[in-house]
Amino acid sequence: MTELLFLLKWAGIWLLVTVLAEWLTAACYPLFHRGIAPLNPALRSTARLLFSMTAPLSSIAVVALLNQPALLEHLLAEHCHDGRCGVHSPVHANAGAVVAVAMLSGLLVLLVFAVLIWSLHLSQRRFRLLEKLTEAETGQALRVIDTPGMLASCVGLLRPKVFVSRHLTQQLSAAELQAVIAHEQAHAYRLDNLKSLMLRWSSLLWPPVIARRIRQDYQHDAELACDQLAGKRCDPAALHSALEKMSGSKTARDTERLRQGEELQAAGGRDVLQNVLLSLLLFFSVVGLVFVLLNAAHMGIEWLGEV
């Protein structure tokens with residue numbers, strides 16, 4: 001029982017620190033968005049996912065450090081308690097208030113994880129039902145569903161599959177269909193559905209407007225990255241033609257997407273440098289966030305303990 005209470009308390013502290021971290025990272029997202037603009041779409045989508053996860057991961061590091069005062073010497077701002085100075089764990093005279101708030105937050109963490117597990121269970125059930133309503137296409141790594149729409153989609157998290165409508169297979173040429181399948185298989189290869197789910201949950205506590213923006217930015221980058229991968233396996237012109245047929249007409253967004261795809265095909269040779277720059281950017285972002293959160297959490301716990 002004592003161990004459970006200990007875990008609930010620190011899970012609650014982790015949640016409170018994560019809330020602060022989420023708002024800090026959300027506030028920095030517009031600047032981060034401009035900073036990663038020169039990267040290719042595949043790296044940009046990865047950067048957005050990792051950036052959204054810096055808050056919960058940094059909060060785990062903060063909680064661990066709060067329990068190891070010997071490691072805090074150069075991380076915490078100097079302050080004293082009753083004439084005693086030096087590194088120390090958070091001091092709180094009113095431990096009851098700290099424990100109560102932390103444990104309530106800990107119970108909320110358990111509730112959130114329960115909701116997540118249940119949503120994953122429902123998604124798996126829907127995926128199995130969709131499989132029963134479709135049939136495997138001979139000689140193709142896809143499943144066909146009878147529907148009048150022009151449908152092509154990658155469905156599933158860990159082992160995603162490509163689903164297309166029979167109407168789509170009848171309306172597209174062989175080259176166009178192969179290009180569409182290659183695009184959806186690129187989504188499966190990149191595990192974009194799983195990454196989108198991770199992004200949605202890791203930005204759950206962001207202000208709604210900014211959370212919606214990073215999710216839309218990720219989806220746009222993922223589509224460009226899959227266009228690029230599909231263009232390496234199939235005729236890019238066939239992919240462009242298929243997109244026009246599926247959308248009914250070439251919209252301004254389609255035109256911009258195709259233009260960017262052509263530019264990506266012409267670019268190359270900078271992936272190693274971009275990976276290094278991205279790694280450095282994320283590393284210093286996490287270090288800076290941990291430093292800010294550690295001091296804020298330490299002072300917050302001590303303030304709450306004095307209330």
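A: This is a predicted model. In helix 2, Pro41, Ala42, Arg44, Ser45, Arg48 and Ser52 meet Ile214, Asp217, Tyr218, Asp221, Ala222, Leu224 and Ala225 of helix 7.

Q: What is the make-up of that contact by class?
A: The contact of helix 2 with helix 7 has seven nonpolar, two polar and four charged residues.

Q: At what angle do the axes of helix 2 and helix 7 cross?
A: The axes of helix 2 (residues 41-66) and helix 7 (residues 208-233) cross at roughly 150° and come within 8 Å. Because angles over 145 degrees count as roughly antiparallel, helix 2 is roughly antiparallel to helix 7.

Q: Is the crossing of helix 2 and helix 7 left-handed or right-handed?
A: Helix 2 passes helix 7 in a left-handed crossing.

Q: Turning to the sheet, what is the order of the strands?
A: The order is 3-4-6-5, in an open sheet of four strands with mixed pairing.

Q: Which strands stand at the edges?
A: Strand 3 (135-136) and strand 5 (152-155) do; each has a single partner strand, so one side of each lacks a neighbour in the sheet.

Q: How many bridges join strand 5 to strand 6?
A: Four bridges join strand 5 to strand 6 (residues 161-165), and the two strands run antiparallel. Cysteine 154, for instance, has valine 162 in strand 6 as its bridge partner.

Q: Which helix lies across strand 5 and strand 6?
A: Helix 5 (residues 174-190) lies across both strands, running at about 20° to strand 5.

Notes
Residues numbered from 1 in each chain as written. Predicted model: local features only at pLDDT ≥ 70, side-chain atom pairs only at ≥ 80, totals over all residues. Heavy atoms only, no water. Axes fitted to C-alpha atoms, helices over the stretch in contact; angles between N-to-C directions. Parallel < 35°, antiparallel > 145°, perpendicular 65-115°, else oblique. Left-handed = near helix turned anticlockwise from the far one by under 90°. Contact = heavy atoms within 4.5 Å. Nonpolar A, V, L, I, M, F, W, Y, C, P; charged D, E, K, R; others polar. Pairing = 2+ DSSP bridges.
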